Amino acid sequence: PPPSPGPTPLPTPGPTKPPTPPPTPGPTPPPTPGPTPPPSKTPTMRPSPPPSPQPTSAPTPGPTPPPTPGPTPPPTPGPTTSPTAAPSPFPTPGPTELLLGDSLQQETCVKSHPSFPAGSYDSLAGWSVMITADTTINCDNTKIWDLGWPDDGAFDALVLIRNGVEIERWGQACPVNYPVKAGDYLVFFVDNSHEYRGFRICTRSVNGLHPTPPPPGVIQGDCFVSHPEYNTTVPTYYDNFYGYSFTVQKAGRLATYDFNIRGDKTGQALTLWRNGQVVKKWQGIDGPSGTDLQVNDVITWFVDDSKIYEDNTGFKVCMLPP
């Protein structure tokens, strides 16, 4: 009986406790954090940021604003006035034309009639042009000058007007290097029974001639009158060797408010021109009534040297919508 209980309890608790705690916490934490951080960090991050942001933003805003405003304003005003012009109101009875004369000298010329040197001018015709430069006038290179003098009498003539006074009159021969001044007027008028070959007169100056514009006070809104002093209360009278022309700017039709000019054996006439041809001419007391207008038609009013009677007080004509 004594030897059985002695050896059993001693070996059970001894070997169980010591092997469990030492292997679990000791070796796991030190090897994991040590080798990971050193290879990644410093050499990769420093060279990347400097080249990207600095050079890109600086050149972009600088060149963009200066070129935009510079070229835009200059072309805008050019075409507007000049439209327009500027514009030049001539195919009148004697249209001006720019020619290239001798020695490359540019000239501005006016013809007695549109078809010159072919054909002849009409009776009771005429026009007025304004000299726009101090220059000289001559016949053109054709040297054609035919107004019927002296065979048929001194009826048709080219006249130079300065400050409302006749300075010179040509009929038998053309002007030769005759000096004229800016503001002078050349007036050509034809009697009631003459049709001759006519002429072409040139100035030794570019744009030295221009169709006579309406004097101030003639254009009144959509209407125009014979002369600036025209009114229906107190009679006033237009002058001899007087006239003007202007270009129609919009389509419409003509209507007469009042009309009384000389109507027999006279060059006094209100005329509508289209493409260098007469559409209609009005004289006496029969003014325009419903006549159609087209853009770029030309209206001329001309008075020759014929007598102005007491009842010839002029006219007022209006341009109505189509």
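This is a predicted model: local features need pLDDT of at least 70, side-chain atom pairs count only at pLDDT 80 or more; totals for chains, interfaces and linings use all residues.
Strand β14 covers residues 242-247, and six of its six residues are buried. Y242, Y244 and F246 point one way from β14, whereas G243, S245 and T247 point the other way. In a regular strand, side chains alternate between the two faces of the sheet. The partner of β14 is strand β19 (residues 298-303); the two pair in the antiparallel sense over six bridges. Within this pairing, Y242 stands opposite V303 in β19.

The largest nonpolar core has 21 residues, and those that touch the most other members are F224, Y244, L254, L270, I299, W301 and F315.

| Strand | Residues |
|---|---|
| β14 | 242-247 |
| β19 | 298-303 |

Leaving aside residues up to four places away in sequence, L270 touches F224, F259, I261, K280, K281, W282, P288, I299, T300, W301, F315 and V317. A second, separate core of 20 residues includes V129, I137, F188 and I201.

The arginine R200 is found in strand β10, which spans residues 198-203. Is R200 buried or exposed? R200 counts as buried because its relative accessibility is 10%, and buried means under 20%. The side chain of R200 makes a polar contact with the side chain of D140, at 2.6 Å.

Methods: Residues are numbered from 1 along each chain as its sequence is written. Side-chain values use heavy atoms; hydrogens and water are left out. Helices (H or I, at least four residues) and strands (E, at least two) are DSSP runs, numbered from the N terminus. Buried means under 20% relative accessible area, exposed over 50%, partly exposed in between (1.4 Å probe, protein chains only). A polar contact is a pair of N or O atoms within 3.5 Å; within protein, one must be able to donate a hydrogen and the other to accept it, and residues adjacent in sequence count only if both atoms are side-chain atoms. Two strands pair if DSSP finds at least two bridges between them. A nonpolar core is a set of buried Ala, Val, Leu, Ile, Met, Phe, Trp, Tyr and Cys residues joined through side-chain atoms within 4.5 Å. Contact means heavy atoms within 4.5 Å.
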